[in-house]
Amino acid sequence: MLKRRTFMAAVAATLLFSASASAEYKSEYTVSTVLPSAFPWGQAADKWVELVKERSEGRINMKIYSNSQLVSGDQTKEFSAMRSGLIDMAVGSTINWSPQVPELNLFSLPFLMPDHSAIDAITQGEAGEAVFAAIEKRGVTPLAWGENGFRELSNSKREITKPEDLQGLKIRVVGSPLFQDTFTALGANPTQMSWADAKPALTTGAVDGQENPLSVFNVARIDQVGQKYLTRWHYMADPLVFAVSNRVWQQFSPEDQALLKQAAIDAGKWEIEKSRAELNDTLAKIKERGVKVTDLTPEQHAAFVAATASVYEKWAPRIGEELVRKAQDAIANRNK
Ligand code: X2X
């Protein structure tokens, strides 16, 4: 009996020892992104990596894998891969993670957020905290917010000023079910595909249109694949989330956890400011290339809001009625 106890104590000591030994850091941590350094999204990740390297004096090294290459281009698998530890870290879009974290569909509710202050009112308040708690509950530690931006609608066929103009148009959307509902409600014909497949599909005319932030339209030169019409309808914006797999997160010391988090907050702030400041220039460039850019009148805007009301009825219960209400209150009371 005594012997057995000694043995157990020895086993426990070994376990303890290996637990502290596993606190030895990896020589490199993988960071997944969809868009590379030419885009604000990639720059957000670059900044995070750079700040962490600098502040940890080279102890924590992260390497970015863009174009969703760690999940073979399937961006809607990024969250699961992070949860299971196949990917250590990511700067990811709320859209791409929403199949695994239903609360993230909040940001995709059509016409919920009218302007940048509305995005901030959500992310910087109680609703944002609730969203982070939902992410954490599913195995990933969220650290900070970034921004992909308001997603505008482009197509190769005609100017769009009212829902009827979308009738029958084939629109590429990300592989997230809410988008299917929004575009179906508008009378369009949505097709889910990854970003990797989007440009080829636009090139061949397999789809007529797509929706993405101005920065993405500009840098990816979407105008070159026949997208002649762009409607700035601001129907939704996808924040970016800087995050670490829970499994990896637990291996960092509390000091390094704080370091990683602060670097993510600083990188996110920097990227949000930069991408918002660049918007006017980006718009000017797109117009210079001959793209017909359309802004909606308040009446035209209202017609799109009315046409997509059914999406709220279906999705608010899935997102959580309370969370949706919190977000709406935060927007109503925002600083403009
Ligand atoms: O696939 C897209 O449209 C992109 C690049 O914006 C996202 O990853 C959400």
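This is a predicted model: local features need pLDDT of at least 70, side-chain atom pairs count only at pLDDT 80 or more; totals for chains, interfaces and linings use all residues.
Residues are numbered from 1 along each chain as its sequence is written, and side-chain values use heavy atoms, with hydrogens and water left out.

Strand E3 covers residues 89-93, and five of its five residues are buried, so the rest of the structure largely encloses the strand. Strands (E, at least two residues) and helices (H or I, at least four) are DSSP runs numbered from the N terminus. Two strands pair if DSSP finds at least two bridges between them. E1 and E3 run parallel and are joined by two bridges; Val31 has Met89 as its bridge partner in E3. With strand E9 (residues 237-245), E3 pairs in the antiparallel sense over five bridges, and Gly92 has Val241 as its bridge partner there.

A nonpolar core is a set of buried Ala, Val, Leu, Ile, Met, Phe, Trp, Tyr and Cys residues joined through side-chain atoms within 4.5 Å. The largest one has 46 residues, of which Trp48, Met62, Met89 and Leu260 touch the most other members. Domain 1 (27-149 + 238-279) and domain 2 (152-236 + 280-330) both contribute residues, so this core lies between them; the domain bounds come from an automatic or database domain assignment. A second, separate core of 37 residues includes Val71, Phe79, Phe107 and Phe132.

Rings of Phe, Tyr and Trp (its six-membered ring) pair if their centres lie within 6.5 Å; planes under 30 degrees apart count as stacked, over 60 as edge-to-face and the rest as tilted.

| Pair | Centre to centre | Angle between planes | Class |
|---|---|---|---|
| Tyr29 and Phe252 | 5.1 Å | 45° | tilted |
| Phe107 and Trp145 | 5.7 Å | 65° | edge-to-face |

Tyr29 lies in strand E1 (residues 29-32) and Phe252 in the loop between helix H10 (246-249) and helix H11 (254-288), so their pair ties together parts 223 residues apart in sequence. Both Tyr29 and Phe252 are buried. Phe107 and Trp145 are both buried as well. One aromatic cluster is formed by Phe111, Phe183, Trp233, Tyr235 and Phe304.

Conventions:
Buried means under 20% relative accessible area, exposed over 50%, partly exposed in between (1.4 Å probe, protein chains only).
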